[in-house]
Amino acid sequence: MAKVTIQKLYEMKSKGEKISYVTAYDFGQASLVEKAEIEMILVGDSLSMTMLGNLSTVPLTTDEMIHHIKAVVKGAPSPMIVGDLVFGSYNEGPEQAIRSANRLLKEGGCDVVKLEGCMPDIVAAMVKAGIGVQGHIGLTPQTAGLLGGFKLQGKNLDAAKKIVDEAKALEQAGAFSLVVECVPEELGRAITEAVKMPVIGIGAGRYCDGQVLVYHDLLGMFDRFTPKFVKKYANIGDQIVKALKEYKDEVRGVKFPSDEYVFGGVSKEDLEKIL
Ligand code: KIV
């Protein structure tokens, strides 16, 4: 697959070709996403929970994010790599946002950045500074507390209009794409039709220009919480536990290592001569 560019994403939207997008947080995961020819990788702040065991995205730092972006970039040369701006690294204003995004791009090596919420002034300043920005509206996990928790957003007409207006404002500010999370399917469709930029849904129905899921969710590797919109394409977590248990049993039962996994070369008799 050739390197995925912003132009390629717009082309896909105009042809009605759906964009696939998944999170990845390290070299191994990114290499597998590369092999699957998925167009976009998000080094999402969900790594705070999936990789670092925190209870939310809030504690994650920019240094930690950069550490993970660097590994992902090495594993996946072709997909567009999006680095997530962490909570507290852009909410003070445009200067802080540009400084944080510059770090993700220069030190991490990602292609573009994503930020949550509708902050058109900040997005416009970042775009003016030459930074590609993806928006993220609807359910925004960094500030889920303010939205009443991890709940469906845009359920009534006023709330739906607010989200459509946010999408338009972010496009106007220069965002090249938008993630829309956890909204009714018809609202996902309306947003997708209301803007020219590619709209990627997560729990936003079938009519978005593409879909994004968290790596650990779709592979069945994270069982603390599974939202309704997650389809588990595999149960890798169960398979890993099964393999680890089998390994433990074989070590205990002295079945591993068997003949095929050991080295010859010196006989017991020869060794006895030197002991
Ligand atoms: O961090 C993340 O994984 C995300 C997705 C939920 C889109 O922002």
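1. Aspartate 45 has a side-chain N or O atom 2.9 Å from an oxygen atom of the ligand. For serine 46, a polar side-chain atom lies 2.5 Å from a ligand oxygen. Lysine 114 places a side-chain N or O atom 3.0 Å from an oxygen atom of the ligand. The protein covers 96% of the 260 Å² of accessible area that the ligand has on its own (Shrake-Rupley method, 1.4 Å probe).

2. This is a predicted model: local features need pLDDT of at least 70, side-chain atom pairs need 80 or more, and totals for chains, interfaces and linings use all residues. Residues are numbered from 1 along each chain as its sequence is written, and side-chain values use heavy atoms, with hydrogens and water left out.

3. The residues around the ligand (a heavy atom within 4 Å) include Thr23, Asp84, His136 and Glu181. By class, this shell has three nonpolar, four polar and four charged residues.

4. The ligand takes the space of the largest pocket. Its volume is about 740 Å³. Of the 34 lining residues, Phe150, Glu181, Phe225, Pro227 and Phe229 are the closest to the centre of the largest pocket. Strand 1 (19-23), helix 3 (47-50) and strand 6 (177-181) each give two or more residues to this lining. The lining divides into 18 nonpolar, eight polar and eight charged residues.

5. The second largest pocket has a volume of about 470 Å³. Its lining has 23 residues, with Tyr21, Val22, Leu213, Leu218 and Tyr233 nearest its centre. Strand 1 gives the most, with four residues. The classes are 16 nonpolar, five polar and two charged.

6. On terms: a pocket is an open set of points on a 1 Å grid over the protein atoms alone, where a 1.4 Å probe fits, with protein on both sides within 12 Å along at least five of seven lines; lining residues have an atom within 4 Å of a point.

Methods:
Polar contact = N/O pair within 3.5 Å; in protein donor to acceptor, adjacent residues only side chain to side chain. Sits in = over half its atoms within 2 Å of the grid points. Nonpolar A, V, L, I, M, F, W, Y, C, P; charged D, E, K, R; others polar. Points joined across faces, edges and corners; volume = space filled by probe spheres on them.
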